[in-house]
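Trainee: I am new to this structure. Please take one part, the sheet, and go through it closely.

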Amino acid sequence: MTASMPGLAPPMGLIAELTHRCPLACAYCSNPMELARASAELDTAAWLRVFEEAAKLGVLHLHLTGGEPMARKDLPQLVKGAASLQLYTNLITSGVLLDDVAMAALLDAGIDHIQLSFQDIAEREADRSAGLDGAHARKLAAARRIREAGLPLTLNFVVHRGNVDRTADMLALGEALGAARIEIAHVQYYGWGLLNRSALLPTVAQLEAATAAVEVARVRFKGRIVVDYVVPDYYATRPKACMGGWAQRFINISPAGKAMPCHAAETLPGFVFPSVREQSLAEIWSDSDAFQRFRGTGWAPEPCRSCDRLEIDWGGCRCQAFALTGDATRTDPACALSPDHALMQEAARQASTAPLKPRRFAGAA
């Protein structure tokens, strides 16, 4: 039963960041700079309560992510609870912990879909990017286990200046592993990605070549494999509809229980994000200031307010606007009409000559 919220549709998806713990050390990680420790994470009972509230609110899709969600020993119990509520449950994982025992437990619990991330196509480069020897081999084995289990498989390749030249090979690997969906996702520049932007942002020539490879694959895969393509905003002329619009389609829950419209929203100053430890999801979705602040179009400045695309891109990304301008209310600099668009152009120019030496981090203990 969908909770009653006159004039406000329920969220389509709940993104549950179960933990910030992860055995990998990717330089583009979307985790926040300050990681939640295991002792601060919601316990099993709290997550199961959140899932129940999500189902009552009208959520259809549950995305279990992290960090590495498989670092949680109670993951099968969480999946079983979600399945009992008829939530379509997608596990987003690096795959390095997905051995035969773990796969059997997830299947028994009722997992619906697994999205597996890859750092590269070449084993040596993939392991170096992940910061873990043998990671690539484990991922290949995990992909085969998923397909042998009969589950739909999505492969996610995060691309950047160091690996984007191998986009065509990534698409070929996805085909060989039997993926139903392949995501070629350029690094999005928040958290560690923003810190390492100059080392990760591809050149214009690299972006054009990657785009061409995707277009060729889409023709070849037509009717068999869906290819999603996420390009960097730094070469865009119009912003993306970030998360489908602020607090319009998703609720993101941090490991410690903070509820946010997106995973990067915690970077914004002046917000008090409500906690599922203290409020219900229904209250958070309909009543919290943090969710209402940029919902819809009433907040939008010019030139957004007069733009015929306002209800298409919803003004772009508030976190990106703040990261680049220091003001979350400004027009997303990805838009060519933004008075701050030159900030993105200059960042792209500087990145084209910067050395490829990203900083790394270690996941939360």
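Mentor: What follows sets out the sheet and then the chain around it. This is a predicted model, in which local features need pLDDT of at least 70, side-chain atom pairs count only at pLDDT 80 or more, and totals for chains, interfaces and linings use all residues. Residues are numbered from 1 along each chain as its sequence is written, and side-chain values use heavy atoms, with hydrogens and water left out.

The chain has 14 helices and nine strands; helices (H or I, at least four residues) and strands (E, at least two) are DSSP runs, numbered from the N terminus. The radius of gyration, taken over C-alpha atoms, is 20 Å, close to the 21 Å that the globule rule (2.2 Å times the number of residues to the power 0.38) gives for 365 residues, so the chain is as compact as a globular protein of that length.

Nine strands make up an open sheet with mixed pairing, in the order 7-6-5-4-3-2-1-8-9; two strands pair if DSSP finds at least two bridges between them. Strand 7 (226-230) and strand 9 (259-260) are the edge strands, each pairing on one side only. Strand 7 runs parallel to strand 6 (residues 181-186), and five bridges join the two. Within this pair, Glu183 has Asp228 of strand 7 as its bridge partner.

Of the 365 residues, 52% count as buried, meaning under 20% relative accessible area (1.4 Å probe, protein chains only).

Conventions
Buried < 20%, exposed > 50% of the residue type's maximum accessible area, 1.4 Å probe, protein only.
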